[in-house]
Amino acid sequence: METFTPLETERLLLRAMTMGDAEDLAERRSDTTTAQYQAWRAPYPVERARELIEDVTSRPGPMPGHWYQMAVVRRRDDKVLGDVAIWLSENGKTAEVGFTLHPWARGHYYATEATARLVDYVVFDLDVHRVEASTHPHNIDSIKVLERIGFIPEGIRRERYWVEDDVSDDAMYGLLAREWKARRAQD
């Protein structure tokens, strides 16, 4: 597999994470408003951020059975706004996507722009058949992002999502490649 090539949008660059992103990642994940709907607890130690980045950068790009995380960078000033991630199924036909932005970067449609570009990548470049996303049912801002892009709500998996000893429901969203291609043909 060749090395991941950064993805661009009008305002953003989605690039491979580097060790230089560790402190920013730890800061973002240590925000309690960010962590409340995620798979980690705040505070998030910088050592753990380094371990995550080391794991992600041990692969040249997205690979079946693994998460691959990218920094979301604002092109005009090279400021890291957050990250997006892809997980590929073992057969490479299903992808799950996720996104996390700093609180100060929210409300500017960066998550929508970055996630739409990520969906373009998995559908057109990785040739996946289905794209999935999940979130806490109370995470209204993330649900709005997913629905704005075209994800369809597929239901709630009750008490499915664990963070240490706490369990919560998991809202599931899906998007088929043919739906995304039809949507992009209309743009």
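The model is predicted, so local features need pLDDT of at least 70, side-chain atom pairs count only at pLDDT 80 or more, and totals for chains, interfaces and linings use all residues. Residues are numbered from 1 along each chain as its sequence is written, and side-chain values use heavy atoms, without hydrogens and water.

**Helix H1.** Select residues 22–30. Helices here are DSSP runs of H or I with at least four residues, strands are E runs of at least two, and both are numbered from the N terminus. Buried (under 20% relative accessible area, 1.4 Å probe, protein chains only) applies to Ala22, Asp24, Leu25, Ala26, Arg28 and Arg29. Show their packing partners next, among them helix H3 (46–56) and strand E4 (79–88).

**Asp120.** Move to helix H4, residues 110–125, and pick Asp120. Asp120 counts as buried because its relative accessibility is 15%. Beyond four places in sequence, Asp120 contacts (heavy atoms within 4.5 Å) Asp125, Trp180 and Arg184.

**Largest pocket.** A pocket is an open set of points on a 1 Å grid over the protein atoms alone, where a 1.4 Å probe fits, with protein on both sides within 12 Å along at least five of seven lines; lining residues have an atom within 4 Å of a point. This one holds about 940 Å³. Centre on Tyr37, Gln38, Ala39, Trp40 and Tyr161, the closest to its centre of 38 lining residues. Then colour E8, which gives the largest share of the lining, six residues.

**Second largest pocket.** Its space is about 480 Å³. Select Arg106, Asn139, Asp141, Ser142 and Val145, which lie nearest its centre among 23 lining residues. Finish on H5, the source of the largest share here, six residues.

Notes. Buried < 20%, exposed > 50% of the residue type's maximum accessible area, 1.4 Å probe, protein only. Points joined across faces, edges and corners; volume = space filled by probe spheres on them.
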